[in-house]
Amino acid sequence: MSRIGNKPINIPEGVEVSLKEGNVLTAKGKQGEITRSLSPSIEINVSDQDIVCERPNDSKANRIAHGTTRSLVFNMVEGVANGFSKKLELNGVGYRAQKQGNKLVLNVGLSHQVEFEQPDGIEIEVPSNTEIVIKGASKEAVGQLAAKVRGVRPPEPYQGKGIKYADEQIRRKEGKTGK
């Protein structure tokens with residue numbers, strides 16, 4: 001019994017969901033359009049109000065794919081309806097971010113500036129020079145870009161310098177103590 005896989009997914013107003021042959025699901029909404037090929041072993045039933053994912057039997061592969069497929073479909077519907085966002089913060093003297101056209105430019109204590117091109121379907125905002133907001137319809141793409149930006153200078157535990165998620169807690173270490 002999959003707790004997640006058995007839950008029906010409500011389709012919000014303004015979102016169109018269509019299923020094509022080979023379990024290719026397309027979701028359209030105000031945030032954009034997402035198309036994804038899903039597991040062929042899981043049966044997806046799309047009605048006017050909701051989407052239900054069902055597995056044909058209780059084999060281990062089908063049990064694994066059941067919850068995963070339902071979560072992927074839910075994230076697609078949620079993404080085109082409301083979108084996803086990740087907020088990053090820069091901590092450190094002289095650390096700053098700025099947007100130049102379609103590029104995010106980071107100065108984070110390296111000998112050079114680090115630039116990130118804005119991918120299609122993702123919006124990068126820089127409300128202040130120490131904050132970055134990444135928005136988009138695809139949860140996977142937003143999270144991946146946020147992880148790449150954070151990976152340029154991950155937060156370190158001694159002084160807390162680096163790029164961190166806004167809701168991330170950094171475990172601090174004491175450092176050396178003299179006599």
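Predicted model: local features only at pLDDT ≥ 70, side-chain atom pairs only at ≥ 80, totals over all residues.
The chain is divided into domain 1, which covers residues 9–82, and domain 2, which covers residues 84–165. Taken over C-alpha atoms, the centres of domain 1 and domain 2 are separated by 31 Å. The two domains touch: eight residues of domain 1 are in contact with five residues of domain 2.

How much area is buried between domain 1 and domain 2? The figure is about 460 Å², and carbon and sulfur atoms give 58% of it. On the side of domain 1, the residues that lose the most area to domain 2 are Ile 34, Asn 75 and Gly 79, and together they account for 58% of what that side buries.

The boundary also holds a contact between charged groups. Side chains of opposite charge can pair when their charged atoms come close. Between domain 1 and domain 2 the count is one salt bridge. Its partners are Arg 36 and Glu 140, whose side chains meet at 2.6 Å, N to O.

Which elements supply the side of domain 1 that touches domain 2? Strand E4 (32–37) and helix H1 (60–81) each supply at least two residues of that side. The largest share comes from H1, with four residues. Sorted by class, this side of domain 1 has two nonpolar, four polar and two charged residues.

The structure as a whole holds seven salt bridges. In the pair described above, Arg 36 lies in strand E4 and Glu 140 lies in helix H2 (residues 139–152), so this pair ties together parts that are 104 residues apart in sequence.

Now to the strands. Three of them form an open sheet in the order E1-E6-E5, with antiparallel pairing. Strand E1 (9–10) and strand E5 (43–46) stand at the edges; each has a single partner strand, so one side of each is left without a neighbour in the sheet. E5 is joined to strand E6 (residues 50–54) by four bridges, and the two strands run antiparallel. As an example of these bridges, Ile 44 has Cys 53 in E6 as its bridge partner.

Strand E7 (residues 84–91) pairs with strand E12 (residues 131–136) in the antiparallel sense over six bridges. Here Ser 85 has Lys 135 in E12 as its bridge partner. E7 also pairs with strand E13 (residues 162–165), again in the antiparallel sense, over four bridges. In this second pairing, Glu 89 stands opposite Lys 164 in E13.

One more pair of strands remains to be described. Strand E8 (residues 96–100) and strand E9 (residues 103–107) pair in the antiparallel sense over five bridges. Arg 96 has Asn 107 in E9 as its bridge partner. How many residues lie between the strands in the hairpin of E8 and E9? There are two, and Gly 101 in this hairpin takes a positive phi near 65°.

Note on methods. Residues numbered from 1 in each chain as written. Heavy atoms only, no water. Domains from an automatic or database assignment. Contact = heavy atoms within 4.5 Å. Buried area = accessible area lost by both parts, 1.4 Å probe. Salt bridge = Lys/Arg side-chain N within 4 Å of Asp/Glu carboxyl O. Nonpolar A, V, L, I, M, F, W, Y, C, P; charged D, E, K, R; others polar. Pairing = 2+ DSSP bridges.
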